[in-house]
Every structure is written in C-alpha cells, then in structure tokens.
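Hi,

Here is the structure I promised to pass on. Have a look first, and my notes follow below.

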Amino acid sequence: MSDYHIRTLASAEVQRAVDWAAREGWNPGLQDAECFRVTDPDGFLGGFLGGEMIASVSVVNYDDSFAFLGFYIVRPEYRGAGHGLQLFRHAMTHGKGRNVGLDGVVDQQENYRRSDFDFAYNNCRFGGTVAGALKRLGNVHTGAVQPLSEVSGALKTYDRMMFPAPRDAFLASWLGAAGHHSRVCLRGGDIKGYATLRPCLSGYKVGPLFADDAGTARALLASVLGAVPEGRKDQPVFIDMPAPNARAFDLAGELGLEKSFETVRMYTGDQPDIDLSRIYGVTTFELG
C-alpha cells in the first residue's frame, strides 16, 4: 500500500463522500456536508490510492469526551483490500480518549465489535409521503409551536438531554442552513420540544425530533411538514427513530410510515445517559 495515503478532506471532497453516501442509499441532506464540517473540520478523512480518493470516514469530535463516526465508505471496486480498515483505524486515533458512537449496518456489527464497539440499541428509518403524514395528523393544535432560528441557552440545555455532548456550532449551522425548517414548542416559557425538517436528495428528513411527549411530537411534525411547498407535498419524508422509544414507533404507525431501514447504535464506552423517551427522531445516522 505504498501508494495509499490518508489525509483530512477538503470541503469539495467531503461533498464527494456525501455523494457516495447517496449511492449507498443513505439519502443525505443537501446541506449536511457543510453542517458536519463546522462541527469538526479535521474529523473528515479520506484514503487516496495513487492520488485518487477511494475511501472516506468521519470521526466528529464534539468535545473531549464524545465523538461520532460516520461516512465510512470504500468505493466498491476497492473493497476487500484492507484500505477501509486502515482508514478506519487511522480515523479512530482522531477520537482517541473519547466515547465514540456510530450507527452501523446491522450485518456489520460483529466487525464493529472487533473494534471495541458495543451494541446499545437499534434505530429504524420510517418513511411515507409528506401529504400522507399530514392527512393522518389531521387538525393538530400547533398554537404553542413557533419558528426556531437561534440557538438560545435554553435550547442548548434541552438538546443536551438528548445528545451526549454540547454541539453549539452544529446547532447554529443546522438551524440556519438553506432549506431547513425548524420549530420549537414553548409552554409557560419552557421548551417542550423542537424539530428540524431538511431537504434531501430524495424528499425530506425530519431530525432531530425531540419532544416531551407524543402530542408535542405530533404538533412539531404538523408544523415542519406544513412548511413543505404545496407542489412538493407528494415527496417522501423519513424519520429515524430509536427502538427503545415505543411511543415513537407508535407514532410512526399512526402516521402510516413504513419501516425501510435499520441500524445498530454502538459505542466504544458506556451507553451515554441521554433521554431516549424524548427522542422521536435522531438528527441523522451520520452524526447521531
């Protein structure tokens, strides 16, 4: 492998990894790459053979204690030669000393176990159409829901209950990204939930969808889905839900959403103390 080199990816190369993810069927958001790089520009690595990029991976460091691994892709014609494993091991040194999480393909979890990842729970992707979900939501009262564009101290505190580390830079980028629609539910001045809908290569995804209860999750969904232009309400929409939250799965059923994909959430350390009962939709499989 004398011609094989590993280095940090430039912005355009990160976008190439996003394009590869699309070909793998992951359907990333249109603005995902830029939001990811804001969080940790040094966390996106590529493997180059003869100067050509053939593999990618990210280990995004959120703070000194937590990181998340994603975008682990080797171009099909180069798989099986050890390039991916070498890149993976190199990337893990970037997150050294941290509890590293990932959402892995179910049939690859044994390989991740050999790299010191332990199973925590499953995440499942549910999908349908925007119009179909809105029809089943019916006349949901959304009076407590309002647009969300700024990262307040209260929002940081609320988000921290559902995510293992502070992610201030990411939130600012995520809420302000082109095409993203974010809403927050306030009652008595307190945050009871928030959600973001973003355009993807195919349709839309909702994530995060954090809420104190299913009723709040419904109100947030009705609001963000209602932001989709009328001419695009026939487009698909996807939500990635953690299996431990049975109320989230019940909500998916009520909305007529069908399971299309499943991952295993794994960590190199202890499972973080986050409130899964409030997670009705994870942010994204690539970030957590």
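**Strand E12 and its partners**

In strand E12, Lys 259 is the bridge partner of Phe 126. This is a predicted model, by the way, so please read everything here with that in mind. Strand E6 (residues 118–129) runs antiparallel to E12, and nine bridges join them. E12 (residues 258–267) also pairs with strand E5 (residues 99–105), again in the antiparallel sense, this time over five bridges.

**Rings**

Searching the whole structure turns up 16 aromatic pairs. One of them is Phe 66 with Tyr 267, a tilted pair at 6.4 Å centre to centre and 50 degrees between the planes. Phe 66 is in strand E4 (residues 66–74) and Tyr 267 is in E12, so this pair ties together parts that are 201 residues apart in sequence. Both of these residues are buried.

Phe 285 comes from the segment after strand E13 (279–281), so here the parts tied together are 24 residues apart in sequence.

**The core**

The largest nonpolar core has 43 residues, and those touching the most other members are Phe 36, Phe 44, Tyr 62, Phe 66, Phe 71, Tyr 194 and Ile 279. Helix H1 (residues 11–23) gives the most to this core, with five residues. A second, separate core has 33 residues, including Ala 195, Leu 209, Leu 225 and Met 241.

Leaving out residues up to four places away in sequence, Phe 44 touches Arg 7, Val 14, Phe 36 and Phe 71, among others.

Glu 13 is found in helix H1 and is buried, with a relative accessible area of 11%. What does its side chain make a polar contact with? The partner is the side chain of Arg 7, at 2.7 Å. Beyond four places in sequence, Glu 13 is in contact with Arg 7, Thr 8, Phe 48 and Met 53. Arg 7 in turn lies over the face of Phe 48, 4.0 Å from the ring centre.

Cheers

Technical notes
Residues numbered from 1 in each chain as written. Predicted model: local features only at pLDDT ≥ 70, side-chain atom pairs only at ≥ 80, totals over all residues. Heavy atoms only, no water. Core = buried A, V, L, I, M, F, W, Y, C linked by side-chain atoms within 4.5 Å. Buried < 20%, exposed > 50% of the residue type's maximum accessible area, 1.4 Å probe, protein only. Helix = DSSP H or I, 4+ residues; strand = E, 2+ residues; numbered from the N terminus. Contact = heavy atoms within 4.5 Å. Polar contact = N/O pair within 3.5 Å; in protein donor to acceptor, adjacent residues only side chain to side chain. Pairing = 2+ DSSP bridges. Phe/Tyr/Trp six-rings, centres within 6.5 Å; stacked < 30°, edge-to-face > 60°. Lys NZ or Arg CZ within 6 Å of the ring centre and 35° of its normal.
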